[in-house]
Amino acid sequence: MNYRYNLRILYAFRFISSLIPAYVIERLYWEERGMTIQMVVYTEIIYALTIILLEVPTGIIADRWSRQRMLVVSALFGCTEFAILLVASEFWHFAAVVFLAGISRSASSGAESALLYDSLLHQGKASSFETHVGRLNAFDILSAITAALCGSLLAGHYGLELNYWISLWSAALALLLTLLLREPPVAKQTSEDLEATHSIPMMEAVRVCFRFFRGNAGVSLVLMSGMITGAAMTYIEEFWQLYAKEQYVPVYLFGVLSGAIMLLQMPGNLLAHHLVRRFNPRMLILTVCVAFAVGFTLIATSHNVIGLAAMLMICLFTGVMEPITSGYLHHRIGSTMRATMDSFRSLGENVVTTAAGLGFGYFATRSDVFGGYGFIAVLCVTFLLWLIPTYRKIV
């Protein structure tokens, strides 16, 4: 059976599911409805904790049940989020939304990558995995840029709520697309691999994953680098609006700035597979980590256009990380536990995001958003100093 249609549907799904004009004015909408920075950080922690609790179980369920069905579940919760946000007015409403968002993210994170890899594997194109990850991310970014530019204009003329109605319809269309995906059969593995996934208890499957990461130092280092940079990037994606507000950037330019933040991530995503073939992955990862350490230091200390320029520079470097880290992992694991292993990657990133959120919220509340970014800068510099003497383990 040919699974090339899965690729087309996944591209369409990424584009539609990212066509969310609500995101460009999200912090303003939440602030308008009474959400302070500290409250937003609390919701980020709820989101991350939900993923920490559910990421691995949902990955195991996807491997044992169906990756396609888990994507349907994820899209269904995505629709529910926007329905609640249209009437949200108290903290617990927003807490419920991020809880559902955490379930949605957990259900899709490992399942989507596994479905993509196995669809390519059945076509004999597994080596092009990084290429498609990068292109999917590029579709994601193009859609988000379109939504941001349109969303800022619509919000300026018609108010903030209209963006959430449009986002709800986009989420509903994405749900319909997941119903069209077909589940590729798991590639044949040894009897021990099949037993590890389908016969042993869930906790034993978790222990199998831990043994794999302990025995593969290079994989662990690559994933840790992705976790740190991914967590740090979260606080650009979530709080750039407040940072821009402190820099007196007018709201009508938010769409342009949002578009720039996303557009600059495209080159890395599209060129990642070429870079991996031309350069050693460890050099690419070390370069990105250096850029993050320098960039966040400038963001925290420069209360002018230099800080905004540093934020954009980080976006340019971050695009290459997900294709590299995801590909590095998937080329080294079997199909029977593909979603489970990928869920561990997402789990680690959200653990780091939670820890970073506590520090970001503490310093942002007691000083300002620059203080929060100062904590992220310390995190990135500390990791870089630890990575430098160990990065040669990445081969």
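Tutor: In this predicted model, a pocket is an open set of grid points with protein on both sides within 12 Å along at least five of seven lines, and its lining residues are those with an atom within 4 Å of a point.

Student: Which residues line the largest pocket?

Tutor: By that 4 Å criterion, the lining consists of Phe210, Phe213, Ser220, Leu223, Met224, Met227, Phe344, Arg345, Leu347 and Gly348. The volume of this pocket is about 220 Å³, and helices H9 (202–214), H10 (217–246) and H16 (338–366) each contribute at least two residues to the lining.

Student: What makes up the lining of the largest pocket by class?

Tutor: There are 7 nonpolar, 2 polar and 1 charged residues. Arg345 belongs to the lining, and Arg counts as charged; Gly348 is also in the lining, and Gly is counted among the polar residues.

Student: How many cavities of 30 Å³ or more does a search of the whole structure find?

Tutor: The search returns 2, where a cavity, unlike an open pocket, is a set of points where a 1.4 Å probe fits but cannot get out. The second largest cavity has a volume of about 30 Å³ and is lined by Ile228, Thr229, Cys289, Phe292, Cys380 and Phe383, with H10, H13 (281–301) and H17 (369–387) each supplying at least two of the lining residues. By class, this lining holds 5 nonpolar residues, 1 polar residue and no charged ones.

Student: Why is Ser225 called buried?

Tutor: Its relative accessible area is 0%, and buried means under 20%, so the term applies to Ser225. Ser225 is a residue of H10, and, leaving aside residues up to four places away in sequence, Ser225 touches Ile285, Cys289, Met321, Phe383 and Leu387.

Student: Why can helix H15 be described as largely enclosed by the rest of the structure?

Tutor: Of the 10 residues of H15 (residues 321–330), 9 are buried, and the helix is therefore largely enclosed. Among them are Met321, Pro323, Tyr328 and His330.

Student: Why are Pro184 and Gly268 called buried?

Tutor: Pro184 has a relative accessible area of 2% and Gly268 one of 8%; the limit is under 20%, so both values qualify. Pro184 sits in the loop between H7 and H8 (191–198), and its C-alpha atom is 9.3 Å from that of Ser66, although 118 residues separate the two along the chain. Gly268, by contrast, is a residue of H12 (266–278), and its contacts include Gly319 and Val320.

Student: What caps the N-terminal end of H4?

Tutor: Ser66 does, with a side-chain oxygen 3.3 Å from the backbone nitrogen of Gln68, a value that lies within the 3.5 Å cut-off for a polar contact. H4 itself (residues 67–85) has 19 residues and reaches 28 Å from its first C-alpha to its last, close to the expected 27 Å.

Student: What covers the buried residues of H4?

Tutor: The covering elements include H2 (26–32), H3 (37–64), H5 (91–121), H7 (161–178) and H16, while the residues of H4 that count as buried include Arg67, Met70, Gly78, Glu81 and Leu85.

Definitions and conventions. Residues are numbered from 1 along each chain as its sequence is written. This is a predicted model: local features need pLDDT of at least 70, side-chain atom pairs count only at pLDDT 80 or more; totals for chains, interfaces and linings use all residues. Side-chain values use heavy atoms; hydrogens and water are left out. On a 1 Å grid over the protein atoms alone, a cavity is a set of points where a 1.4 Å probe fits but cannot get out, and a pocket is an open set with protein on both sides within 12 Å along at least five of seven lines; lining residues have an atom within 4 Å of a point. Grid points are joined across faces, edges and corners, and a volume is the space filled by probe spheres set on the points. Helices (H or I, at least four residues) and strands (E, at least two) are DSSP runs, numbered from the N terminus. The expected span of a helix is 1.5 Å times one less than its number of residues. Buried means under 20% relative accessible area, exposed over 50%, partly exposed in between (1.4 Å probe, protein chains only). Contact means heavy atoms within 4.5 Å. A polar contact is a pair of N or O atoms within 3.5 Å; within protein, one must be able to donate a hydrogen and the other to accept it, and residues adjacent in sequence count only if both atoms are side-chain atoms.
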